[in-house]
Amino acid sequence: MIYLDHNATTTIRPQVIDLVTKIMNETGNGSSTHAAGRHASMHIERAREQMAKAVNTRPAQVIFTSCATESMNTILKTFKGQRILASAIEHAAILDCGHAELEIIPVTADGIIDLNAMEGMLKNAPTALVNVMMVNNETGVIQPVREAIDLAHKYNALIHIDAVQALGKTHVDFADLDADYMSFSAHKIGGPQGVGCFVFKAQKPIRPLLTGGKQEKRQRAGTSNIAGIAGMGLAAELAVNNIDTYQKSSQWRDQIEEKITGTHPDIIINGQSQNRVANCMSITCPTITNTVQIMNLDLNNICVSAGSACSSGVAKPSHALTAMGLNDDDALSTIRVSMGWNTTKDDVDNFIENYIAMINRLRK
Ligand code: PLP
């Protein structure tokens, strides 16, 4: 199988599997005071240190959760009833988190947050929280988060950065950026599914989503997923240590884009002119729906994704692509191809050959 859907979930690194398996063979609740409990708690605290080091913050500022969606729900719900802004290309974890007061900041045709529009909105009325992602999960476009953070602070708003697709692909430095909150997910960085975290600046408010226990410094109640958390800590360390190898996949990305647009010049690569992370691309092939493209690739054992949600059996165009100005037909003819730490040159060559053959066949 050729798996090119690493932005959905990436392969767990073997060292992480070893560690998680070892810990799953141990017994102990991190909240217990006996030796087994203390041992379990040691795994969590080591992971907190690894995570803190990976993103340059202090361990006390890291709170583990069950996923980035939970992290983002916690942060947004902290500001319930207050004005919240979010870019139009944020993940559903932000946009669909049920916050009635959410106001949308537009993006440019290249998929970059419109900072002028953001400033206009901030000038208009007091804002509690702004949400901007560091890297878009569909286009891979790197957002001007430093400028967005400075702007939010200029107008006394706090800012949350969704760094889920950034860690391990580009440099993430919480302290240097001076963000107030940042969210991460283990399964996007070579760790297990079902574990995430957020980091927050000291003294900034958190209203826990889950209450009823003193775990995670009383910011997230519930028995800790010790093996998962340990896996996330190690995955974060490995992701940051291997950032160079990830960045090398830009050669393969450029090769894919050149070959397919060279054969079919009407194919569009969304956000291509912008600074993007190396591993991913958003490909619009007008007139061929992504459902048809994905099915045909799947028949050849190639996994890519649509970047659009399917609700009640009807494919819906991606909100991120329509926010960039694509019409519904083009958005529904777009696939996302994303490489991972274990993608090989053979995978890339096979994808190019199969993709071009498929489009030639379907356009006959
Ligand atoms: N934010 C971005 C940019 C994502 O790509 C994802 C996952 O697709 C999430 C948030 C949600 O992460 P999780 O699966 O840990 O809830």
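In the predicted model, a backbone N or O atom of Ala68 lies 2.9 Å from an oxygen atom of the ligand, a polar contact being a pair of N or O atoms within 3.5 Å. A nitrogen atom of the ligand is found 2.7 Å from an N or O atom in the side chain of Asp162, and a polar side-chain atom of Lys188 lies 2.6 Å from a ligand oxygen atom. Of the 390 Å² of accessible area that the ligand has on its own, the protein covers 88%, as calculated by the Shrake-Rupley method with a 1.4 Å probe.

Around the ligand there are 13 residues, of which Thr69, Asp162, Gln165, Ser185 and Lys188 come nearest; a residue is counted as near if one of its heavy atoms lies within 4 Å. The residues of this shell divide into five nonpolar, six polar and two charged, with Gly counted among the polar ones.

Salt bridges, defined by a side-chain nitrogen of Lys or Arg within 4 Å of a carboxyl oxygen of Asp or Glu, number 14. One of them joins Lys201 to Asp180, with the closest N and O atoms 3.3 Å apart.

Residues are numbered from 1 along each chain as its sequence is written, and side-chain values use heavy atoms, with hydrogens and water left out. As the model is predicted, local features need pLDDT of at least 70 and side-chain atom pairs count only at pLDDT 80 or more, whereas totals for chains, interfaces and linings use all residues.

Conventions: Polar contact = N/O pair within 3.5 Å; in protein donor to acceptor, adjacent residues only side chain to side chain.
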